[in-house]
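This briefing is for a reader who is meeting the structure for the first time.

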Amino acid sequence: MPQVDQDGRLRHLLTLDGLSPATLTALLDRAQAMLDGIDDRSTLEGVAVCTLFFEPSTRTRLSFQRAAQRLGADVLGFDASTSSTTKGETALDTLRNIEAMGVRGFVVRHAHDGAVAELAASAAPGTALLNAGDGRSAHPTQGLLDMLTLRQAKGMDFRELKVLIVGDVRHSRVARSDLHALRALGAGEIRVCGPAALLPEDDTLAGCIVTQDFEAALEHVDAVMMLRLQRERMTEGLVDSLEDYHRDYGLTPQRLRRAAPDAVVLHPGPMNRGVEIDDAVADGPQSLILRQVRNGVAVRMAVLEALMGRGGS
Ligand code: CP
């Protein structure tokens, strides 16, 4: 499903993969302007947006809702657990029924890879689909907000930047979107670290420096992007125990000293405190974790405006 039309205009946001550096930069610039106070509550006036989440969420759902409200949209929340999907209604029938109510924008989270693109392919002309996380494929607005956070901390030029991504990369849609964006924006060095069972075997890590040695990976990096350990990986036998994981891959203040003195720490949330990250790091001076959340509202405003605002991107 193409997300960009023949005129180069963004019709849906399904993935950051394939988006040009110019498109990414324009969205980030606009998000920064939103943060600096330039927003227009009439941009989405009269437009209805539905947050259609088939998986749990705190940050993504609420920040999309906040972003849409700040642009003047009517926002409809959909709770899968109390919806007619519990009676067997499909995601596509759900979308079509809500479309029939006059809703033009759908922010969708779904457990299956490609689910949002499939919905986009069947949506009515003029309906915009925004991927809020599908399977392990993509979480494009998380990737954008991470780039905005890095840009604010380290400057716009990523060519000298050494970035380390740590943890369950194999199952992480956040890592995939971050990798797409970091490559497009020209990050100087991308390191990836985690236990072998949690590293992808396909070409996801092409061009990255890959290691299982966390101490070595941390040396002199400018940014450490921690990933959530998905606890179900223990029941799948991919991780021995939470204690072992913390011993080998938990970010402690002692370990963080190996990074550059002004290194920053990111985590998409929700965090497993004491597992992949210690309290002293999560709440410490190098943590940008709540800045990421704040930036998420601005990024989602920029994306909603580009897709659905008057005049579009
Ligand atoms: N970062 C992120 O996607 O968080 P939520 O699952 O709470 O939306």
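At what angle do helix H2 and helix H12 pack, and how far apart are their axes? In this predicted model, helix H2 (residues 59-70) and helix H12 (residues 289-308) pack at about 55°, and their axes lie 8 Å apart. That angle makes H2 oblique to H12. Two packed helices are described by the angle between their axes and the distance between the axes.

**H2 against H12**

- H2 passes H12 in a right-handed crossing.
- On the H2 side, the contact is made by Arg-59, Thr-60, Ser-63, Phe-64, Arg-66, Ala-67, Ala-68 and Arg-70.
- On the H12 side, the contact is made by Val-293, Gly-296, Val-297, Arg-300, Met-301 and Leu-304.
- The contact of H2 with H12 holds seven nonpolar, three polar and four charged residues.

**H5 against H12**

- Helix H5 (140-154) packs with H12 at an angle of about 120°, and the two axes are 8 Å apart.
- At that angle H5 is oblique to H12.
- The crossing of H5 and H12 is right-handed.
- From H5, the residues that meet H12 are Thr-141, Gln-142, Leu-144, Leu-145, Asp-146, Leu-148, Thr-149 and Gln-152.
- From H12, the residues that meet H5 are Arg-291, Gln-292, Asn-295, Gly-296, Val-299, Arg-300 and Val-303.
- By class, the residues of the contact of H5 with H12 are five nonpolar, seven polar and three charged.

**H1 against H5**

- Helix H1 (residues 21-35) packs with H5 at about 70°, with 10 Å between the axes.
- H1 and H5 are therefore roughly perpendicular to each other.
- H1 and H5 make a right-handed crossing.
- Leu-24, Thr-25, Leu-27, Leu-28, Asp-29, Ala-31, Gln-32 and Leu-35 of H1 meet Leu-144, Met-147, Leu-148, Arg-151 and Gln-152 of H5.
- The contact of H1 with H5 has eight nonpolar, three polar and two charged residues.

**The largest cavity**

- Rolling a probe the size of a water molecule over the atoms shows where empty space is left.
- The count comes to one cavity of 30 Å³ or more.
- The largest cavity holds about 70 Å³ of space.
- H2, H5 and H12 each supply at least two residues of the lining of the largest cavity.
- H12 gives the most to this lining, with four residues.
- The residues that line the largest cavity are Arg-59, Thr-60, Ser-63, Gln-142, Leu-145, His-267, Pro-268, Ile-289, Gln-292, Val-293 and Arg-300.
- Arg-59, Thr-60 and Ser-63 are among the residues lining the largest cavity, and they also belong to the contact of H2 with H12.
- Gln-142 and Leu-145 line the largest cavity and also take part in the contact of H5 with H12.
- The lining of the largest cavity divides into four nonpolar, five polar and two charged residues.

**The largest pocket**

- About 560 Å³ of space lies in the largest pocket.
- The largest pocket is lined by 24 residues, and the closest to its centre are Glu-55, Arg-109, Arg-173, Arg-228 and Gln-230.
- H2, helix H6 (173-184) and helix H8 (232-235) each supply at least two residues of the pocket lining.
- The lining of the largest pocket has six nonpolar, ten polar and eight charged residues.

**Backbone geometry**

- Most residues other than glycine have a negative phi, and most peptide bonds are trans.
- A cis peptide bond joins Gly-269 and Pro-270, with omega at about -5°.
- Pro-270 is in the loop between strand S9 (264-266) and helix H11 (279-282).
- His-220 is not a glycine, yet His-220 has a positive phi of about 65°.
- His-220 is in the loop between helix H7 (214-218) and strand S8 (223-226).

Notes: Residues are numbered from 1 along each chain as its sequence is written. This is a predicted model: local features need pLDDT of at least 70, side-chain atom pairs count only at pLDDT 80 or more; totals for chains, interfaces and linings use all residues. Side-chain values use heavy atoms; hydrogens and water are left out. Axes are lines fitted to C-alpha atoms, for helices over the stretch in contact, and angles run from 0 to 180 degrees between N-to-C directions. Angles under 35 degrees count as roughly parallel, over 145 as roughly antiparallel, 65 to 115 as roughly perpendicular and the rest as oblique. A crossing is left-handed if the near helix is turned anticlockwise from the far one by less than a right angle, and right-handed if clockwise. Contact means heavy atoms within 4.5 Å. Ala, Val, Leu, Ile, Met, Phe, Trp, Tyr, Cys and Pro count as nonpolar, Asp, Glu, Lys and Arg as charged, and the others, Gly among them, as polar. On a 1 Å grid over the protein atoms alone, a cavity is a set of points where a 1.4 Å probe fits but cannot get out, and a pocket is an open set with protein on both sides within 12 Å along at least five of seven lines; lining residues have an atom within 4 Å of a point. Grid points are joined across faces, edges and corners, and a volume is the space filled by probe spheres set on the points.
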